[in-house]
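Here is a short briefing to keep beside the viewer. Have a look at the model first, and then we can walk through it together.

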Amino acid sequence: MALHEQAIAPRQEGRPLAWRALENHYRKSRGLHLRDLFASDPTRGERMAAEAVGIYLDYSKNRISDQTIKLLVQLAEQSGLQARIDDMFRGEKINITENRAALHVALRAPRGASIFVDGENVVPQVQAVLDKMTHFCNRLRQGDWKGYSGKCIRNIINIGIGGSDLGPVMAYEALKDYSDRSMKFRFVSNVDGSDFKEAVRDLDPSETLFIICSKTFTTLETMTNARSARAWSQAGLGGDDKSVARHFIAVSRNAEEVAKFGIDTANMFVTWDWVGGRYSVDSAIGLSTMLAIGPEKFRAMLHGFHQMDMHFLATPFERNLPVLMGLLAVWYVNFFGVHAIAVLPYEHYLKRFPAYLQQLTMESNGKHITLIGTEVIQATGPIYWGEPGTNGQHSFYQLIHQGTRLIPCDFIAFTKSCSPGGRHRDMLIANAFGQTEALAFGNAPEQVKAEGTPDWLVPHRLFDGNRPSNTILAEQLNPETLGKLVALYEHSVFVQGVIWNINSFDQWGVELGKELAQRIVRELESTEEPELQHDSSTNALIRRYRRLRETA
């Protein structure tokens with residue numbers, strides 16, 4: 001067995017019967033090479049593909065056979081995937097640890113649809129917020145909403161963290177070609193003051209609007225930056241507290257804290273506890289996106305989300321794009337022992353998409369406890385990472401091609417460019433297709449020798465191949481397509497979570513460090529020497545920081 005194929009040998013307790021069948025199948029088929037699979041099936045490249053709502057998924061370059069797909073589909077069926085999908089779309093409280101629905105699909109449901117939470121149809125609420133966002137965005141974009149001094153708003157700064165930052169900044173960068181270039185958009189998330197300083201350094205406070213995104217309006221990093229923003233804004237506007245209401249907007253559900261901050265609650269856009277932060281880019285959290293691209297294009301993005309939602313809900317598993325991608329991830333993580341999956345968009349505007357997916361995937365499925373509170377009996381939550389092509393080819397592709405780890409890859413490409421002519425698009429796509437071919441088939445020693453390579457150099461220039469990849473191909477990156485892509489990965493993550501029997505919608509793992517930080521910051525800021533009761537390392541670090549800060 002190759003170094004990169006150190007398979008996991010999981011226990012069988014509590015698993016569907018298909019799991020044992022997949023283990024047996026893996027042992028028999030793991031030595032198959034993609035060269036042989038393609039050679040024995042001339043139609044494989046066309047046959048092992050699925051297409052829906054304008055997204056084409058070529059999964060033929062995976063280390064699978066028809067039997068693999070059949071067994072993976074059986075695993076999904078035996079895991080109750082369809083029932084779990086139905087529960088999510090019905091608004092059942094599938095986030096059991098927080099007793100909440102996970103109803104991001106309601107955010108993009110069309111006007112007139114019915115989706116219930118606790119007996120109440122939430123679609124009218126969602127549409128009311130979208131209408132309010134539309135009215136506000138139209139006023140600001142047309143110059144009717146003005147700042148405290150009467151100037152038009154030209155600069156938008158989104159302050160949030162996690163999904164309240166990663167979603168908006170990803171969407172803004174992805175759809176930059178469709179944005180209003182007369183306005184500047186910037187994003188602040190890091191509690192490091194340098195992030196805020198750089199965001200505002202060349203801006204006029206009288207032309208700057210801050211969008212504070214925090215469901216609770218108590219998030220440490222977000223509110224620290226929000227208070228700095230308020231101080232900066234007021235300092236540039238004569239120090240009048242009344243100026244806050246014209247230069248700050250809130251996206252939150254905590255009206256009391258919003259009002260305390262000085263924001264007019266009429267300028268607060270509501271979010272709901274049945275939407276997790278990493279699933280909220282299509283809610284009011286996306287206000288900066290709507291300001292950038294306009295309400296009509298924002299609605300187009302929601303329509304893209306909804307199309308993928310309906311495909312996921314109603315399509316048989318063997319042709320269901322999110323199901324296929326989720327099951328393939330399970331196949332590699334749990335049978336090949338894969339630790340990481342690379343997402344490689346061959347589109348410059350998607351440069352923040354891998355970072356966005358890091359939170360979506362790893363915060364969702366980075367779990368070691370099942371829905372019933374027991375330890376999982378298999379690996380969960382692979383590491384998702386990546387960079388746009390072709391940049392990554394000159395960075396980390398070496399490891400993917402010739403390293404000792406097996407890293408499945410998702411290549412994302414578009415047939416039409418957002419940019420004018422030339423050879424750029426063809427060269428870009430040629431690189432994407434060429435990389436998937438090289439990963440799958442590699443080369444043989446005879447080929448390398450035939451090129452005149454000395455014998456001693458042949459091993460260094462040899463590519464084993466048999467490295468799996470998906471290719472996701474769409475016509476063009478636009479708001480509708482972006483919605484489809486995000487929903488594709490959202491639902492793929494959910495599929496993985498169902499197979500692993502974990503809760504993909506909580507994130508308790510982020511809480512402990514935040515709680516300790518709240519305690520430590522008081523000790524760092526104390527005017528008296530604090531009585532420290534941490535471990536010896538943390539105590540020493542706190543004392544050293546306090547001492548060095550005082551001498552700085």
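What percentage of the 552 residues of the protein chain count as buried? The share is 53%, where buried means under 20% relative accessible area with a 1.4 Å probe, protein chains only. Please keep in mind that this is a predicted model, in which local features need pLDDT of at least 70, side-chain atom pairs count only at pLDDT 80 or more, and totals for chains, interfaces and linings use all residues. Residues are numbered from 1 along each chain as its sequence is written, and side-chain values use heavy atoms, leaving out hydrogens and water.

**Overall shape**
- The protein chain has a radius of gyration of 25 Å, taken over C-alpha atoms.
- That agrees with a compact globule of 552 residues, which would be near 24 Å by the rule of 2.2 Å times the number of residues to the power 0.38.
- Along its principal axes, the C-alpha trace spans about 75 × 55 × 55 Å.

**Fold**
- The protein chain holds 22 helices and 13 strands, which are DSSP runs (helices H or I, at least four residues; strands E, at least two).
- Of the contacts (heavy atoms within 4.5 Å) with a separation of 6 or more, 73% join residues 24 or more positions apart.

**A closer look at His-33**
- His-33 sits in the loop between α1 (17-29) and α2 (34-39).
- His-33 is buried, with a relative accessible area of 13%.
- Beyond its neighbours within four places in sequence, His-33 is in contact with Ala-440, Phe-441, Asp-464, Gly-465 and Asn-466.

Notes
Buried < 20%, exposed > 50% of the residue type's maximum accessible area, 1.4 Å probe, protein only.
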